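Let's take a walk through this one together, chain by chain, and then look at where the chains meet. Have the viewer open and follow along.

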Amino acid sequence: MTILTIFAAASLTTVFPQIAPHNQYSFSSSNMLAAQIQQGAPADVFASANTKLPEQLYEQGLVEKPVVFTRNELILIVPKSNPAKIHSVFDLRRPGVKLDIGAVGVPVGDYTRVVLHNLGLDDALSNVVSQETDVREVLAKVALGEADAGFVYLTDAKTVRGKVATVGIRWSAQPIVQYAVAVVKRSRHLAAARQFVRMLLGPVAQSKLRAAGFLAPR
Amino acid sequence: MIRKSALWLAALGALAFLAFPIVAIFARLSFHNLSAGVVGDALVVSLKTTFAAQALVLAFGTPTAYLLATHRFRGRSLVVTLVELPIVLPPAVAGIGLLAAFGRTGLLQTGLPFTQAAVVVAVAFVSGPLYVRQAIAAFEAVDETLVAASRTLGAGPVKTFFRVVLPLARGGLGAGEALAFARGLGEFGATIMFAGSLRGVTQTLPLAVYQEFDVNFNEALALGGLLVLISAALLVTLKWLTSSSTSVFRFAPSTSS
């Protein structure tokens, strides 16, 4: 069986090896991975936490046509001990709250800014203490209790159950979080890479994604 | 003859390999890619934290090194090894260690993480040992007969330290400090883990390079070029200090083996 090199968004760290354990994975922020592919990194498949980056690579002729294979939602997490006593997203406005979010350009960072804007909470950005380079960094710093709160994907929160508590975000404020996957054109295993993409859309992979909390592609 | 040309070929290969990435940065960058905002903020954070950290390193490292250089006691080599350990520690391990010690949920439970002070702590932790190590060697190289002469001539220990020991060790101390400064300026791993990355607060130049790499490669290149220039200036300073230190030592008559 061909071993593929899959470049995948950090939020897929737990679920992708469950779906296809034999591949090689490089998990990082989607924009870091896209930059590496632009620099000629030897990836066979690129799975991004948005559609924008694979579409950009597609326009540059670096990947084949991307397809959406799953969706996600944003959620606010706080450490289990909840030191800043945050019970609603609106508590993020309180001075002194240590809010950890993704950097601009990192998908979760961009989604976070959309959520805050949709909630009329742009001023909460002044409470940001760090801008992380991928979503798992946000998760780690909140789970460790160093930050008071952070925005991650629903599926990330599920991987550290017991260490964090979640605060929901109303449905109408949610951004559209679509994950797109594309075959990298320079891949030496094009057939196997296309097979991997088809497999991701198939029932077995989809049920594993669903079990991890991801949503069906629309 | 064949052996000699093989030698030259190997040397040329090594030189080209080491110089090429540096040349490539400058070949591809144009400094007008530098958007003043990110660069200026990162430069200010880098300079502020590096100078603060090095002030701490000098203030605490110098007496520590002097003590270790002039005293022999049980467990001394263990202490010296402990002091040197952060030099060989992977920066990520340093970051985890600092969080475990000073994090909000760490042993001391401080509010340091995400503050500019946390950058200073991270930089001092990884760069300080370089200075202390070099300073121990510099103090050990000071001729004891000169120290003894100063004391017999009536100078107290404090006056002897400042008028005799410090001037004699100056070159070595300067070289150690320049090394520590350069290492501190390039600090990345421990900083991003312990202090996070926030523009204008904790985002130093190396952190800005990393963040810009996946947003704007040209800007990352320009930042890289800037760091190369600063580092090169430091290296030249270091070389100048080391050469002046040998001239200092040359005049010191040595009777000890």
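Follow chain B along its sequence and the pattern you get is α-α-α-α-α-α-α-α-α-α. That's 10 helices and zero strands, in what is, keep in mind, a predicted model. The C-alpha atoms of chain B take up a box of roughly 65 × 65 × 30 Å along the principal axes. Of its 257 residues, 37% count as buried. If you look at contacts in chain B with a separation of 6 or more, residues 24 or more positions apart account for 78% of them.

One spot in chain B makes a handy landmark. B:G75 sits in the loop between α2 (36-70) and α3 (76-88) of chain B. Is that glycine buried or exposed? B:G75 has 8 C-beta neighbours inside 10 Å, so it counts as exposed, the cut-off for that label being 12 or fewer. Try the distance from B:G75 to B:A10 as well: the two are 65 residues apart in sequence, and 45 Å lie between their C-alpha atoms.

Now over to chain A, which has eight helices and 10 strands. Its radius of gyration is 17 Å, close to the 17 Å that the globule rule gives for 218 residues, so chain A is as compact as a globular protein of that length. The box filled by its C-alpha atoms is roughly 55 × 30 × 30 Å along the principal axes, and 51% of the 218 residues count as buried. Of the contacts in chain A between residues at least 6 apart in sequence, 72% join residues at least 24 apart.

Chain A splits into domain 1 (5-71 + 176-211) and domain 2 (74-173). Taken over C-alpha atoms, the centres of these two domains of chain A are 25 Å apart. Where they touch, 13 residues of domain 1 are in contact with 14 residues of domain 2. On the domain 1 side, α2(A) gives the most, with three residues. By class, that side has five nonpolar, eight polar and no charged residues.

Next, look for a sheet in chain A: five strands form an open, mixed sheet in the order β7-β6-β8-β5-β9. At the edges stand β7 and β9 (164-167) of chain A, each with a single partner strand, so one side of each is left without a neighbour in the sheet. Neighbouring strands are turned by 35 degrees against each other on average, direction ignored. Strands of a sheet pair through backbone hydrogen bonds, in either a parallel or an antiparallel way. For an antiparallel example, take β5 (residues 74-79) and β8 (residues 149-153) of chain A, which pair over four bridges. Within chain A, A:I77 stands opposite A:G150 in β8(A). Helix α5 (residues 135-143) of chain A packs on this sheet and touches β5, β6 (99-102), β7, β8 and β9 of chain A. The direction of α5 makes about 140 degrees with that of β8(A).

Finally, bring the chains together. How many residues of chain A are in contact with chain B? There are 15, and they meet 16 residues of chain B. On the chain A side, the elements giving two or more residues are α2 (30-38) and β7 (128-132). The largest share, four residues, comes from β7(A). By class, the chain A side has six nonpolar, seven polar and two charged residues.

Conventions:
Residues numbered from 1 in each chain as written. Chains lettered and ligands numbered in written order. Predicted model: local features only at pLDDT ≥ 70, side-chain atom pairs only at ≥ 80, totals over all residues. Contact = placed C-beta atoms within 7 Å. Nonpolar A, V, L, I, M, F, W, Y, C, P; charged D, E, K, R; others polar. Rg over C-alpha atoms; globule rule 2.2 N^0.38 Å. Buried ≥ 20, exposed ≤ 12 C-beta atoms within 10 Å, placed from the backbone. Domains from an automatic or database assignment. Pairing = 2+ DSSP bridges. Axes fitted to C-alpha atoms, helices over the stretch in contact; angles between N-to-C directions.
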